[in-house]
Amino acid sequence: MVNDTTHHYISFFYLVGIPGLENFHYLISIPVGLLFLLTLLGNSIVIATIKLEPSLHQPMYFFLCMLAMNDILLSCSSSLKMLGIFWFNEHWIEFDVCLTQMYFIHTLCIFESAILVAMAFDRFVAICIPLHYTTILTTAMVIKLGVVGLSRALLMVLPCPLLIKRLPYYTGYIIHHTYCEHMAVVKLASANTFINRAYGISVALSVITLDIWLIAASYIKILQAVFRLSSQNARSKALGTCAAHVCTILAFYTPALFSFLTHRIGKNVPPSVHIILASMYLLVPPTVNPLVYGVKTKQIRDRVLSLFSHLKIPEY
């Protein structure tokens with residue numbers, strides 16, 4: 001008897017887009033396209049500003065550069081296929097290309113979470129032990145934190161596509177999603193997927209639990225240090241340096257939380273809502289982050305305004 005379970009009879013998947021809203025894909029493509037353009041523009045400006053301004057060559061802004069580059073890659077990994085579906089009806093995607101997209105999207109999401117943890121650590125050191133800031137957060141330490149965060153993401157997500165490659169795909173090829181999401185792909189397999197589902201959930205829970213705990217622990221220590229300050233002005237200044245980071249944390253984890261809850265608990269929630277929330281999780285934070293840091297960080301705001309002031313057309 002020939003064992004066919006290692007052969008993938010399906011070589012293509014069909015990405016539906018947003019189920020039930022196929023007739024509105026052209027309209028939906030407008031905000032998706034705008035978010036994509038704003039992500040590229042905003043994050044490119046942040047990276048260029050930090051590169052050109054020597055006073056911004058500090059650990060906090062190096063982490064911000066990592067975040068901006070990660071957001072550009074995350075947006076490209078998801079938005080381009082979405083726009084292909086919405087504009088050109090390019091619903092088909094090759095099996096291996098689908099797994100590649102899935103790998104990059106989930107890896108970049110986990111790396112983004114690691115960057116937010118590193119930024120929380122940066123604020124903790126700056127506020128709680130400022131005298132040791134320059135000795136602890138050296139350029140080498142920033143690079144190490146980035147490499148550790150990226151390595152964790154790469155290694156944690158790697159088993160997902162490898163485990164999927166072991167599954168047989170005979171008949172199920174329609175993915176009711178705008179991109180190749182891990183669980184959406186796993187559900188189509190013609191075999192028991194307990195290991196895949198268990199691993200996927202364990203990775204998600206371990207990353208979210210650990211990272212949120214580390215961020216929360218950092219901010220508890222930060223608040224304790226801030227409220228020990230005697231001057232109200234010093235308190236406001238210390239908390240002001242954390243404002244942009246807190247907004248970024250909320251922008252990243254809030255859509256993720258809503259998406260997770262509606263997927264696990266909201267059984268009566270329409271599929272289109274699930275897909276929209278999951279898509280917003282990939283589209284909104286990369287757009288919001290440069291806007292938040294551009295508005296909340298004085299050095300970046302002043303540098304960007306000075307650059308644009310030099311671009312003014314002279315009056316005659």
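This report walks through the aromatic pairs and the cysteines of a predicted model.

Residues are numbered from 1 along each chain as its sequence is written.

**Aromatic rings**

Searching the whole structure turns up 10 aromatic pairs (ring centres of Phe, Tyr or Trp, the last by its six-membered ring, within 6.5 Å; planes under 30 degrees apart are stacked, over 60 edge-to-face, the rest tilted). Here are two that involve Trp92:

| Pair | Centres | Planes | Type |
|---|---|---|---|
| Tyr14 and Trp92 | 5.1 Å | 75° | edge-to-face |
| Trp92 and Tyr173 | 5.7 Å | 15° | stacked |

Tyr14 sits in strand 1 and Trp92 in strand 2, so their pair ties together parts 78 residues apart in sequence (strands are DSSP runs of E, at least two residues; helices are H or I, at least four; both are numbered from the N terminus). Tyr14 is partly exposed at 25% relative accessibility (buried is under 20%, exposed over 50%, partly exposed in between, using a 1.4 Å probe and protein chains only). Elsewhere, Phe13, Phe95 and Tyr169 make one aromatic cluster.

**Cysteines**

What does Cys98 join up with? Its disulfide partner is Cys180, at an S to S distance of 2.0 Å (the cut-off is sulfur atoms within 2.5 Å). The torsion about that S-S bond of Cys98 and Cys180 is about -125°, so the disulfide is left-handed. Both Cys98 and Cys180 are buried.

Cys109 is buried too, at 8%, but its sulfur is 12 Å from the closest cysteine sulfur, in Cys160, too far for a bond.

Definitions and conventions
This is a predicted model: local features need pLDDT of at least 70, side-chain atom pairs count only at pLDDT 80 or more; totals for chains, interfaces and linings use all residues. Side-chain values use heavy atoms; hydrogens and water are left out.
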